[in-house]
Amino acid sequence: GRRESEGARTEVALVAGRGAMFQSNKKKKSFFSQLFGSDTSENRFTVKELGLLHQVLDANANVHEGNKDTVVEALRSIAELMIWGDQHDPSFFEFFAEHHTLSYFRRILDQPYCRSGEVAVQILQTLSILTQNIQSEQAIYFLFSNNHVNQIIAQDFNFKDDEVLGYYISFLKTISLKLNAGTVQFFFLKRRLAEGSDEMRVEFPFYSRIIQFFRHEESMVRAAVRTCTLNIYSVKDAGVREFLQNSREADEYIQNLGKYVMEQCQALAVILPATRQGTIDPKRLDVALEELDDIFYYCYDVYSLFEEGVGEKLMCVLWKDLHSVVLEPFRVKAGGDMEQTSTAGGNEGHTLGSCRLTVSLLILERLFHILHIPGLLNATIASLFLPKTKALKLAPLIWTADVDAFSASSAGGADSW
């Protein structure tokens with residue numbers, strides 16, 4: 001019986017976002033009936049129950065191993081009651097606002113012990129459930145106000161705990177889905193550049209924190225980061241656009257994005273010959289190509305959402321990082337012979353040259369099929385097929401890379417493409 005009860009509670013938490021949280025719990029005993037073993041079977045979805053849960057958090061302000069389970073269960077119950085109240089009784093959220101419930105969550109997380117393990121997981125899960133399921137605009141505005149969410153986002157969680165990291169990223173992703181021109185204002189902070197100065201610096205902690213996980217080893221984390229940033233790019237707000245166009249964090253992110261694309265292309269150049277030689281699992285090549293596809297689709301989405309400013313900057317970064325990888329295998333000497341990579345063995349050099357050419361063609365295929373950015377494609381085609389002077393005139397983007405690497409076919413004695 002106890003196993004079934006615990007399983008039912010777990011199921012309740014998991015299906016909260018699907019609208020079924022309360023169908024199996026309307027006759028469930030209250031938190032206090034369970035805690036003290038009472039046989040009372042009352043309707044637990046009351047403001048009185050919510051108030052008693054706050055008393056539990058008050059009584060257990062300092063969380064430790066001895067009261068951890070009590071705090072976790074109270075937090076989970078608060079989430080259930082708040083979702084029910086949002087759909088049935090506005091007085092629940094009035095109580096939530098009046099008693100500053102989020103400040104309880106923040107104070108719990110101020111304790112280092114609570115930034116890992118079950119307590120951290122439950123707070124992050126509770127916040128995700130609340131953010132995802134609350135429908136009323138007023139409730140969402142209150143949830144994001146008073147800077148509590150920003151402070152929770154900035155907490156130094158134990159990200160070595162995979163479960164904590166997973167729920168943290170899920171929480172940020174859930175927030176990003178609620179961002180619009182109104183709600184995004186709660187995530188901007190203004191700080192003075194120096195004490196006594198009237199100049200202010202705008203900070204966007206949500207954006208700054210999520211991009212830190214851009215290169216995470218877990219593909220699901222990387223995918224969530226891309227979703228969050230795209231949701232930010234899609235917000236039609238002057239403040240958001242100003243930050244993304246001019247802030248140091250946003251600029252560094254675009255630079256790192258270009259470097260990451262370059263690294264994936266370089267990895268492909270290593271994996272492909274190793275696959276042909278049978279020294280690594282062929283599935284590694286499929287994984288590498290899939291990641292390359294994903295990152296190209298992401299770059300195109302960024303460009304499409306924010307072409308002016310950010311998109312143009314991304315186009316320049318991609319060209320600067322990719323042009324040598326794409327064009328180098330097509331490089332020929334003045335006599336017309338394709339360049340060979342000199343190695344100890346002739347066959348080995350031929351194989352390496354063939355692999356480099358294959359990698360270039362794989363990237364070109366994706367440039368045209370996925371990342372069809374006009375300026376980038378013009379620069380690629382012009383560099384491949386036109387003399388230097390014509391190419392520079394038709395595709396100004398070429399100037400943003402190392403022009404000296406571009407050798408005109410008309411130059412006597414010089415190498416050409």
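# Salt bridges and packed helices

Reader: Which residue forms a salt bridge with arginine 226?
Author: A salt bridge is a side-chain nitrogen of Lys or Arg within 4 Å of a carboxyl oxygen of Asp or Glu. Here the closest N and O atoms are 2.7 Å apart. The partner of arginine 226 is glutamate 291.

Reader: What kind of model is this?
Author: Residues are numbered from 1 along each chain as its sequence is written, and side-chain values use heavy atoms, with hydrogens and water left out. Local features need pLDDT of at least 70, side-chain atom pairs count only at pLDDT 80 or more, and totals for chains, interfaces and linings use all residues, as the model is predicted.

Reader: How many residues apart are the two partners, arginine 226 and glutamate 291?
Author: Remember that arginine 226 and glutamate 291 form a salt bridge. Arginine 226 sits in helix H12 and glutamate 291 in helix H15 (residues 283–305); helices (H or I, at least four residues) and strands (E, at least two) are DSSP runs, numbered from the N terminus. The pair links distant parts of the chain, and the separation is 65 residues.

Reader: Are arginine 226 and glutamate 291 buried or exposed?
Author: Buried means under 20% relative accessible area, exposed over 50%, and partly exposed in between, with a 1.4 Å probe and protein chains only. Arginine 226 and glutamate 291 both count as buried.

Reader: Which helix holds arginine 366, the salt-bridge partner of aspartate 293?
Author: The side chains of arginine 366 and aspartate 293 meet in a salt bridge, 2.5 Å from N to O. Aspartate 293 lies in helix H15 and its partner in another helix, so the pair ties together parts that are 73 residues apart in sequence. Arginine 366 is in helix H17 (residues 346–369).

Reader: How far apart are the closest N and O atoms of lysine 68 and glutamate 118?
Author: Side chains of opposite charge can pair when their charged atoms come close. Lysine 68 forms a salt bridge with glutamate 118, and the closest N and O atoms are apart by 3.1 Å.

Reader: Where does glutamate 118 lie?
Author: Lysine 68 lies in helix H4 (residues 68–88), so its bridge ties together parts that are 50 residues apart in sequence. Lysine 68 is buried at 12% relative accessibility, whereas glutamate 118 is partly exposed at 43%. Glutamate 118 lies in helix H7 (residues 117–133).

Reader: At what angle do helices H10 and H12 cross?
Author: Two packed helices are described by the angle between their axes and the distance between the axes. Axes are lines fitted to C-alpha atoms, for helices over the stretch in contact, and angles run from 0 to 180 degrees between N-to-C directions. The axes of H10 (residues 162–176) and H12 (residues 219–233) come within 9 Å and cross at roughly 20 degrees.

Reader: How are H10 and H12 oriented to each other?
Author: Angles under 35 degrees count as roughly parallel, over 145 as roughly antiparallel, 65 to 115 as roughly perpendicular and the rest as oblique. H10 and H12 are therefore roughly parallel.
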